[in-house]
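Here is a short tour in questions and answers. Look over the sequence and the model, then read on.

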Protein chains: 2
Amino acid sequence: MTDIETGPIPERKRGSGVKMVYDLLRDEILDLVLPPGSPIDEVQLAERFKMSRTPIREALVRLAGEGLIDTLPNRSTMVANIDFLNMHTFFDALVLMYRVTTKLAAQYHRPEDLKVIRAHQVEFAAAVQAQDALAMIATNAAFHSAIADAGRNTYFTGLFNRLLDEGRRMLRLYYQSYDDRLPQRFVQEHDDIIAVIANRDVEEADRLARLHAEQIVQQIQKLFAREDRLDMAL
Amino acid sequence: MTDIETGPIPERKRGSGVKMVYDLLRDEILDLVLPPGSPIDEVQLAERFKMSRTPIREALVRLAGEGLIDTLPNRSTMVANIDFLNMHTFFDALVLMYRVTTKLAAQYHRPEDLKVIRAHQVEFAAAVQAQDALAMIATNAAFHSAIADAGRNTYFTGLFNRLLDEGRRMLRLYYQSYDDRLPQRFVQEHDDIIAVIANRDVEEADRLARLHAEQIVQQIQKLFAREDRLDMAL
DNA sequence: CCAAAATTTCTTGTCGACAAATAATATACA
DNA sequence: TGTATATTATTTGTCGACAAGAAATTTTGG
């Protein structure tokens, strides 16, 4: 076994190191390639990306700032756990952000925003059609994130995207038992939401977003309850 | 000339570097000691804190993650500007967070939370009494932050604290023309808010928080409008 | 005298190395 | 044999140095 480096990899531009590491680690964390609690080794990452520890560390500082990893001083750093005990705080925040971002989208969206939103909805519908749970999670998040963008409030979009990321992580945990029939309803609800946004009907946007969000929360809770019962049985 | 180190300074513990730099820079940015647009020089900071650039950079990465500084690649980094154009998005977010955190405090607070909140209110009243505008800003933020803590939702407290920081920065800009008579009203409103929280009256908490937040927003807008007219005249 | 190219200066991004702090292991002693 | 102590190993936090990019300056050519 020879360790010949066959990679056309080493071509890397100057400022791209941290971003590359950050993006990739972020994806791996959200996709549970690195499950919660996984140890994160700086030197290992340095070898893997063929760079020094300095840019690795800066990427880790960023991830820590977003709460995706936990760093104990002078000790190991690891992927942040999912806080199942305070799940309701997550749901509270998620529902509120669904509502407010949809409302603002109804107020402030521009024609080109609707195109983007509709494109994401097409992808979501395709994922549902294909019964691809992972794709559903991703495209649903992208759809609502696009709506939030149309609302043009960076404070809300910032928090909302964090919440969607966290939700993506939680759903990955349980996606095996994802119910593939119910989401058809979500496709219809998405279409309704698009319609009220296009109509600039703020009140109705709030109402639909709230119902939609609560549907999703209920679905997630049902998923967790089912899994909890399984855990109990073990 | 002998280079004997006469400093009692160099006593610094191992992991404390980044936090020290982060805390101090953050304060200086929020207090406008470093006004928006100020260039941030890594080597200068390194000399000032007598440490290498590595921990300085990690502190800067953290600050950038919170949007307090802007970093252009391969170019200088500087204190983030205040976005006066999209001020209304700030107000939207601020009012909503005032409301939701106060509501949650009414729901979930514990007896010891009220003690902390009341202590902050005492300090706020003292600041108003002393007509110390800077202290008013700080103690008002601490008061509402304490209420948010009692609500026990880290997603909301996180965003809310960021908003309060940003508000602190904006008000510093204009505190010279701060009207010292109106805030007496805020003291009363704070007392009312404490009362409804203690009563666990969620609906009324929402109503009072909303009125209070809108009062504050109006005051800030009046401040800015006045200053704008002055700018026009120049 | 002016514009384009070359050079210098300055700052940032990255690196390899070292020392402190902790964890793991081995040793001594009752 | 069990526990306390000493030693080793591993990993983190920090450092000084160097090279790449961009801005500032100088030089060159018209």
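Q: Which elements each supply at least two residues of the surface near DNA strand D?
A: This is a predicted model, in which local features need pLDDT of at least 70, side-chain atom pairs count only at pLDDT 80 or more, and totals for chains, interfaces and linings use all residues. Residues are numbered from 1 along each chain as its sequence is written, chains are lettered from A and ligands numbered from 1 in the order in which they are written, and side-chain values use heavy atoms, with hydrogens and water left out. A residue is near a strand if one of its heavy atoms lies within 4 Å of it, and helices (H or I, at least four residues) and strands (E, at least two) are DSSP runs numbered from the N terminus. The elements are helix H3 (53-65) of chain A, with helix H1 (17-30) and helix H3 (53-65) of chain B.

Q: Which element gives the most to the surface near DNA strand D?
A: In total, 19 residues surround DNA strand D. The closest are A:Arg53, A:Arg57, B:Arg14, B:Ser52 and B:Arg75. With three residues, the element that gives the most is H3(B).

Q: How many residues of the surface near DNA strand D are charged?
A: Asp, Glu, Lys and Arg count as charged; Ala, Val, Leu, Ile, Met, Phe, Trp, Tyr, Cys and Pro count as nonpolar; the others, Gly among them, count as polar. Four residues of this surface are nonpolar and six are polar. The charged ones number nine.

Q: Which residues are the closest to DNA strand C?
A: DNA strand C has 20 residues around it. Of its atoms within 4 Å of the protein, 63% belong to sugar or phosphate and the rest to bases. The closest residues are A:Arg14, A:Ser52, A:Arg75, B:Arg53 and B:Arg57.

Q: Which element gives the most to the surface near DNA strand C?
A: The surface divides into four nonpolar, seven polar and nine charged residues. Three residues come from the element that gives the most, H3(A).

Q: Why do strand E1 and strand E2 of chain B each have one side without a neighbour in the sheet?
A: Two strands pair if DSSP finds at least two bridges between them. The open sheet of three strands in chain B pairs antiparallel in the order E1-E3-E2. Strand E1 (39-40) and strand E2 (69-71) stand at the edges, so each has a single partner strand.

Q: How far apart in sequence are the parts tied together by A:Phe84 and A:Phe224?
A: Rings of Phe, Tyr and Trp (its six-membered ring) pair if their centres lie within 6.5 Å; planes under 30 degrees apart count as stacked, over 60 as edge-to-face and the rest as tilted. A:Phe84 and A:Phe224 are edge-to-face, 5.9 Å centre to centre with 80 degrees between the planes. A:Phe84 lies in the loop between strand E3 (77-79) and helix H4 (87-108) of chain A, and A:Phe224 in helix H9 (residues 202-233), so the pair ties together parts separated by 140 residues.

Q: Is A:Phe224 buried or exposed?
A: Buried means under 20% relative accessible area, exposed over 50%, and partly exposed in between (1.4 Å probe, protein chains only). At 37%, A:Phe84 is partly exposed. At 6%, A:Phe224 is buried.
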